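Biologist: I'd like to go through the packing in this one. Can you put it on screen?
Modeller: Here is the structure.

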Amino acid sequence: MDAETADEQLTRRLRYYGAGDLATYSQIHRAAEVIEGFDPAAPPDGVNGILELHNARLFVEAGFIPTDVVGEGRTDLVVSAKPIGRAVAQWFAALEDDNLASRLTEVDWQYQEELLDLLAGLGVFGRCSEKAMLTALDEAKIHIGDMLTSKRLVENYGATIRERLLAEPDRAELVIRHHLEGGPKNEIFLPANFTSADSRALMEAYIDSAEPNPNYLKLIADAPIDSKSGVDAKLIVKAKRRYGAVIEDFFKTTPGMKTGCTVAVSSTQVEPVKATLDNMVIEYTFSQAWLEDTLDFPSVLNNFQFLFEFAPQDGLLTLPSFKSERRGLEIALGMNGAKDYRTGHIFTAKDRTTLLQTAMYQRYLEMKDIDLEEVLRWYFEEHLLAEYGISGFVFSPSSQKANYLERCRNLFAEMESIATQFALLVEDGEIDHDVAAAGADLIRYRTIPSALGGKYAYATNHTEIRTVLHTLFSDQSHLTYINEDIRGEDFVDLLRRNKVSYESLHEYQQPLVKKLIEHGVVENTGERIRLKDSDVFHVLRSLNDNEAVAYHHLSTRCRAHVDSMVSAGWLLRRSSLLTEAEAAYFNYNLNSIDFSNGPKLRNKYQHGVQPKDNGEAQHQQTYYTALRLMVALTIKINDEFWLLDVAKKR
């Protein structure tokens with residue numbers, strides 16, 4: 001490689017990434033320079049030159065023209081870009097078996113994707129032989145994984161592609177990504193002659209290989225059984241066992257980092273709860289005096305809702321995994337199955353914390369001769385009648401003599417029973433237990449009804465609301481950084497930490513802020529940009545943090561803003577006991593309706609296929625999980641009845 005080519009390899013190529021990518025804005029002037037230097041009579045001869053020219057044209061066609069190019073200059077640039085398409089097409093039309101290798105070999109790695117797209121789109125795959133094309137792409141250092149992103153390539157050269165896939169166990173990763181991985185990854189195509197038996201054989205060889213990637217093992221282990229992908233129960237079990245062995249070996253040789261949380265009760269602490277961070281371990285300390293002063297049954301349930309923060313605001317559960325909690329590299333580098341419940345480190349921390357708090361509190365109450373299941377019975381059978389005049393609910397606590405396996409089975413059954421009773425009350429105005437028994441079936445948590453019309457508001461896919469939420473709250477927004485002294489985790493954080501004037505914004509940032517001003521989200525005071533309306537912000541914050549807005553908890557002004565957003569197509573309102581995120585959380589823990597990577601606790605314990613290896617300790621942990629879910633469901637039901645009571649008294 002000569003010196004000039006080496007320098008080119010170290011230079012970031014001109015490339016159009018699309019309107020949503022910051023890199024697009026930084027290359028606008030370079031694109032204009034390439035077009036201005038283009039001579040239709042003498043187009044570039046090399047592959048990189050022709051692909052750079054192609055990318056430059058994409059900038060102008062999408063309207064990305066330097067702001068200092070105006071009037072006739074702007075018109076001239078658009079006119080100069082038009083012949084580029086013809087020049088690119090002619091270059092690719094000249095490719096044939098004899099010159100493929102010599103003309104494609106030097107393609108820059110940054111242009112490999114564009115090369116495959118143009119080879120497909122301009123019909124080169126259809127007229128060049130399999131041997132000549134694949135040899136040329138191999139010499140151009142284009143990996144088989146990149147080849148599989150081209151549907152036309154796979155369709156034309158399927159026989160050889162199948163042979164290459166089956167040749168190496170590690171190529172199972174490509175098959176796993178095709179069948180099992182979810183998220184916005186590049187789509188992978190497999191040859192038509194690549195069968196489900198091929199898929200299973202390759203994945204099994206991968207599981208047995210010397211160094212399988214644990215991320216891919218986890219995808220197989222959490223996958224749903226599917227004849228099309230070749231995943232069956234035996235393959236899932238084999239992947240789970242190998243994954244466990246790989247992780248165990250890893251921590252035998254690699255020093256770990258201590259993370260997690262601890263829960264304790266303090267006899268001297270005045271504050272109800274304190275949280276301290278020791279390196280990566282959060283310690284929650286609860287006041288013994290507070291706990292002893294709140295032993296009455298209503299306060300026990302209130303402690304779950306507010307002290308342990310199960311639902312501290314607007315009756316919305318904090319327990320689910322929310323997209324807003326997964327940020328930056330966690331999204332970019334994460335690997336999820338197509339039917340996975342998407343979690344991240346924040347959800348994992350919440351999950352551990354609330355489970356420990358539930359276990360601690362259940363044991364604490366037990367020492368005070370209070371059975372938490374008896375508290376739940378009191379709520380449904382006594383409190384609802386005394387407070388709201390609602391009768392008919394039945395909740396049967398586990399026997400005090402029952403072991404944890406028996407308690408799990410009973411509590412999961414009672415949870416479904418309570419959900420069924422609540423649904424009958426909403427639909428029929430009464431609880432008929434004969435009807436409940438006749439219609440007993442797996443509870444669909446998404447469809448548990450609400451007596452409140454339009455109980456929750458959700459963001460639609462309308463471009464404006466999605467852009468507003470992304471611009472305000474995403475760490476990938478173009479408004480998180482102005483310079484080293486003015487930066488934030490997101491735009492809201494940027495405004496909170498800094499005095500940001502409109503003039504201090506970069507040229508590409510100003511249109512985004514202008515849109516927020518037009519929508520009434522922020523305002524320009526002349527000295528700074530600031531959030532304009534606290535009620536609007538409350539609605540937007542709930543949409544981002546909770547993926548829903550609890551309409552009946554809102555003030556009159558907030559409701560008016562929601563109504564306006566509904567009229568604009570930004571939001572829609574639906575009624576159900578649980579929000580979409582809350583229902584997904586219950587399904588993740590209890591069954592396989594929506595997700596394949598959950599513990600499926602209800603299914604396992606109701607069908608007698610619960611874990612057998614870890615004995616009572618495993619069942620004890622499951623029992624705490626069941627208690628947490630039952631308390632969360634009770635909080636949601638109580639919130640419904642409270643809102644209905646408030647509405648009656650208005």
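Biologist: Which residues of α14 are buried?
Modeller: In α14 the buried residues are Ala172, Leu174, Val175, Ile176 and Leu180. Keep in mind that this is a predicted model.

Biologist: And what covers the buried residues of α14?
Modeller: The cover includes α11, α13, α15 and α16 (214–221).

Biologist: Take α13, then. Which of its residues are buried?
Modeller: Helix α13 (residues 158–167) has Gly158, Ile161 and Leu165 buried. Viewed down the axis of α13, these buried residues fall within an arc of 60°, so they line one face of the helix.

Biologist: What covers the buried residues of α13?
Modeller: Among the covering elements are α10 (130–139), α11 (144–147), α12 (151–156), α14 (172–180) and α15 (196–208).

Biologist: Let's move to the largest nonpolar core. Which residues touch the most other members?
Modeller: Phe92, Leu119 and Leu137 do, in a core of 76 residues. Helix α4 (residues 47–61) supplies the largest share of this core, seven residues.

Biologist: What is Leu137 in contact with, leaving aside neighbours within four places in sequence?
Modeller: Leu137 is in contact with Leu104, Leu116, Leu119, Phe125, Ile142, Met147 and Leu153.

Biologist: New topic. At what angle do α19 and α22 cross?
Modeller: The axes of helix α19 (residues 297–307) and helix α22 (residues 372–388) cross at roughly 105° and come within 10 Å. Angles of 65 to 115 degrees count as roughly perpendicular, and α19 and α22 are therefore roughly perpendicular to each other.

Biologist: Which residues of α19 and α22 meet?
Modeller: From α19 there are Phe297, Pro298, Val300, Leu301 and Phe304. On the α22 side they meet Leu372, Glu374, Val375, Leu376, Trp378 and Tyr379.

Biologist: How many of those are nonpolar, polar or charged?
Modeller: The contact of α19 with α22 has 10 nonpolar residues, no polar ones and one charged.

Biologist: Last one, Gln362. Where is it found, and is it buried or exposed?
Modeller: Gln362 is in helix α21 (residues 345–367). Its relative accessible area is 5%, and buried means under 20%, so Gln362 counts as buried.

Biologist: What is Gln362 in contact with?
Modeller: Leaving aside neighbours within four places in sequence, Gln362 is in contact with Arg407, Tyr623, Tyr624 and Leu627.

How values were computed: Residues numbered from 1 in each chain as written. Predicted model: local features only at pLDDT ≥ 70, side-chain atom pairs only at ≥ 80, totals over all residues. Heavy atoms only, no water. Core = buried A, V, L, I, M, F, W, Y, C linked by side-chain atoms within 4.5 Å. Buried < 20%, exposed > 50% of the residue type's maximum accessible area, 1.4 Å probe, protein only. Helix = DSSP H or I, 4+ residues; strand = E, 2+ residues; numbered from the N terminus. Contact = heavy atoms within 4.5 Å. Axes fitted to C-alpha atoms, helices over the stretch in contact; angles between N-to-C directions. Parallel < 35°, antiparallel > 145°, perpendicular 65-115°, else oblique. Nonpolar A, V, L, I, M, F, W, Y, C, P; charged D, E, K, R; others polar. Arc of directions from axis to C-beta.
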